[in-house]
Each structure stands twice: as structure tokens, then as C-alpha cells.
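Let's take a walk through this structure, from its charge pairs out to its overall dimensions. Have the viewer open and follow along.

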Amino acid sequence: MKKEDVIIKLIEESKESTDKRLDSIDINLSEHMRRTDVLEQLHQDNQSRITTLEEPRKALILLKTVVLYIAAVVGAISAVLKLWGK
């Protein structure tokens with residue numbers, strides 16, 4: 001074998017090896033992108049669930065505020081009535 005033939009053979013083997021690695025990288029990248037899309041969708045679903053779960057909490061806070069306001073008004077009216085002796 002000539003020196004040039006050996007070099008050509010080494011270059012071809014290197015190219016084949018590089019092609020295989022690139023194919024593997026492409027497959028891994030495609031899989032990674034698919035998983036990333038799945039994770040992004042799960043994140044969006046979780047965000048909508050969080051929003052849905054926070055709405056009742058806001059309603060409870062508002063209800064608590066209204067109940068406390070009504071209790072304060074009833075307490076004030078009761079105190080005024082006691083002062084007037086009724």
C-alpha cells in the first residue's frame with residue numbers, strides 16, 4: 001500500500017466515524033427537542049391549573065373581608081344600642 005492510499009483510507013474512516021457521530025447527535029437533538037416541547041406543554045398546563053386554583057383563594061379572601069366588615073358593622077350597631085340602653 002502506498003502512503004497516499006493509507007492516508008485516504010484513514011480519512012474515509014474518519015469521515016464515516018464523523019458521519020455516525022453526527023447522526024447520533026441529530027437523533028439525540030431531535031429527542032431532546034421533543035422532550036422540551038412536552039415539558040413546555042406541561043408547564044403551560046401547570047400555569048393554567050395554578051391560575052384556576054388561585055381564583056377560589058381570591059374569592060375566600062374577599063368573602064372573609066366582607067364577613068369581617070359585616071361583623072364590625074353589627075358590633076358597632078350593638079355597641080350603640082347598648083349605650084342607648086335598648
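**Salt bridges and the helix that carries them**

The structure holds 3 salt bridges, a salt bridge being a side-chain nitrogen of Lys or Arg within 4 Å of a carboxyl oxygen of Asp or Glu. Before we look at them, some ground rules: this is a predicted model, where local features need pLDDT of at least 70 and side-chain atom pairs count only at pLDDT 80 or more, while totals for chains, interfaces and linings use all residues. Residues are numbered from 1 along each chain as its sequence is written, and side-chain values use heavy atoms, with hydrogens and water left out.

Start with Asp19 and Lys15, whose side chains meet in a salt bridge at 2.8 Å, N to O. Why can these two reach each other? Side chains of opposite charge can pair when their charged atoms come close. Asp19 and Lys15 sit 4 residues apart in helix H1 (residues 3–83), so about one helical turn separates them. Helices here are DSSP runs of H or I with at least four residues, strands are runs of E with at least two, and both are numbered from the N terminus. As for solvent, Lys15 counts as exposed at 52% relative accessibility, whereas Asp19 is partly exposed at 32%. The cut-offs are under 20% relative accessible area for buried, over 50% for exposed and partly exposed in between, with a 1.4 Å probe and protein chains only.

Move along to Glu31, which pairs with Arg34, the closest N and O atoms being 2.6 Å apart. Glu31 and Arg34 are 3 residues apart in helix H1, again about one helical turn. Glu31 also meets Arg35 in a salt bridge, at 3.8 Å from N to O; that pair is 4 residues apart in helix H1, about one turn of the helix. Put together, Glu31, Arg34 and Arg35 are linked in a network of salt bridges. Each member is partly exposed: Glu31 has a relative accessible area of 30%, Arg34 has 45% and Arg35 has 43%.

Now zoom out. What does the chain contain in terms of helices and strands? There are 1 helix and 0 strands. The radius of gyration of the chain is 37 Å, well over the 12 Å that the globule rule gives for 86 residues, so the chain is more spread out than a compact globule. That radius is taken over C-alpha atoms, and the globule rule is 2.2 Å times the number of residues to the power 0.38. Along its principal axes, the C-alpha trace spans about 120 × 15 × 5 Å.

Thr18, in helix H1, is 48 residues from Val66 in sequence and 71 Å away in space, C-alpha to C-alpha. Leu62, also in helix H1, is 37 residues from Ile25 in sequence and 55 Å from it in space, again C-alpha to C-alpha. Leu62 is exposed at 57% relative accessibility, and Thr18 is partly exposed at 28%.

Across the 86 residues of the chain, buried ones make up 0%. The chain exposes about 8,300 Å², with carbon and sulfur atoms supplying 65% of it; accessible areas come from the Shrake-Rupley method with a 1.4 Å probe, and for residues only the protein chains shown count as cover.
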